[in-house]
Amino acid sequence: MTQKEKSNYAIGIILGEKLQEKITESGIDLSIIENLKEMLKEKVDLAFIKEGFRDRMKGECKLSKEEIGAVLVELEQKKEYIEGLINKKKESDENGSQCSINYQHIIALRYSSIAYYYLFIKEYVQAEQAAHKALELDPDYLLAKTNLAHALLFQNRFSKAEAIYKELSQTIYQNNETYSKVLLNDFAELENAGAIPEKSKADVEKIKQMLLR
């Protein structure tokens, strides 16, 4: 494995451990996946995250404890970074001062990322909750709306999901195109990763047809 692949694989192992231990009430310690893209500084290779996760569920691991420990250290550093952002926002709110950095949007972005990763490990309720938290901070955040729609669709809540997809499909995005292309690309990635539940595949096809009109 390359170093990047090892890091992604280790994250999958860590996610599996946290699920098994039921560290938090929801079953996953959110700090572990709060800022994966920032940590890796490149696009995350979901295949290796999935491989690590599956191996942990089988009681296997291709990395040493030391290698996994190194990734944990990086994740803890990122956790501290997120907590620092939240504290700065609180201080700014309490002082009534104007801040040059939109911490609220940055935190919303992190929650949206959490929602996205939950989709790939089929934790759709957790994905919905994280997306809602993002939208509480930034109601117009397109990626959070996207992740919320996916989470609802995969929980068989078709009507609510469809309403969000319709709204997004009419939104003008980059290069004067609608957001439909982004949604279709998302479906392709989720399908390739095996993240779409069998019972939702027919509904996904209905949404795809709506987006292609």
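Colleague: What should I know about the numbering and the model before we start?

Modeller: Residues are numbered from 1 along each chain as its sequence is written. This is a predicted model, so to speak of local features we need pLDDT of at least 70, side-chain atom pairs count only at pLDDT 80 or more, totals for chains, interfaces and linings use all residues, and side-chain values use heavy atoms, with hydrogens and water left out.

Colleague: Okay, how many helices and strands are there?

Modeller: The chain has ten helices and zero strands; helices (H or I, at least four residues) and strands (E, at least two) are DSSP runs, numbered from the N terminus.

Colleague: And what share of the residues is buried?

Modeller: Of the 213 residues, 46% count as buried, where buried means under 20% relative accessible area, exposed over 50% and partly exposed in between, with a 1.4 Å probe and protein chains only. As for contacts (heavy atoms within 4.5 Å), residues 24 or more positions apart account for 68% of those with a separation of 6 or more.

Colleague: Now the packing. At what angle do H9 and H10 pack?

Modeller: Helix H9 (residues 180–192) and helix H10 (residues 201–212) pack at about 155°, with their axes 10 Å apart. Axes are lines fitted to C-alpha atoms, for helices over the stretch in contact, and angles run from 0 to 180 degrees between N-to-C directions. H9 and H10 are therefore roughly antiparallel; the classes are under 35 degrees for roughly parallel, over 145 for roughly antiparallel, 65 to 115 for roughly perpendicular and oblique for the rest.

Colleague: Which residues make that contact?

Modeller: From H9 they are Ser-180, Leu-183, Leu-184, Phe-187 and Glu-191, and from H10 Val-204, Ile-207, Lys-208, Leu-211 and Leu-212. They divide into seven nonpolar, one polar and two charged, with Ala, Val, Leu, Ile, Met, Phe, Trp, Tyr, Cys and Pro as nonpolar, Asp, Glu, Lys and Arg as charged, and the others, Gly among them, as polar.

Colleague: Are H8 and H10 roughly parallel or roughly antiparallel?

Modeller: The axes of helix H8 (residues 158–169) and H10 come within 11 Å and cross at roughly 25°, and therefore H8 and H10 are roughly parallel. In H8, Phe-158, Glu-162, Tyr-165, Lys-166 and Ser-169 meet Asp-203, Lys-206, Ile-207, Met-210 and Leu-211 of H10. That contact divides into five nonpolar, one polar and four charged residues.

Colleague: Switching topic: how many aromatic pairs turn up?

Modeller: Four, in a search of the whole structure. Rings of Phe, Tyr and Trp (its six-membered ring) pair if their centres lie within 6.5 Å, and planes under 30 degrees apart count as stacked, over 60 as edge-to-face and the rest as tilted. Tyr-165 and Phe-187 have ring centres 5.7 Å apart and planes at 50°, so the pair is tilted. Tyr-165 lies in helix H8 and Phe-187 in helix H9, so the pair ties together parts 22 residues apart in sequence.

Colleague: Are Tyr-165 and Phe-187 buried or exposed?

Modeller: Both Tyr-165 and Phe-187 are buried.

Colleague: Which residues does His-150 touch?

Modeller: Leaving out residues up to four places away in sequence, His-150 touches Leu-119, Tyr-165, Asp-186, Phe-187 and Leu-190. His-150 lies in helix H7 (residues 142–153) and counts as buried at 0% relative accessibility.

Colleague: Last one, where is Ile-121?

Modeller: Ile-121 is in the loop between helix H5 (103–120) and helix H6 (124–137), and is buried, with a relative accessible area of 12%.
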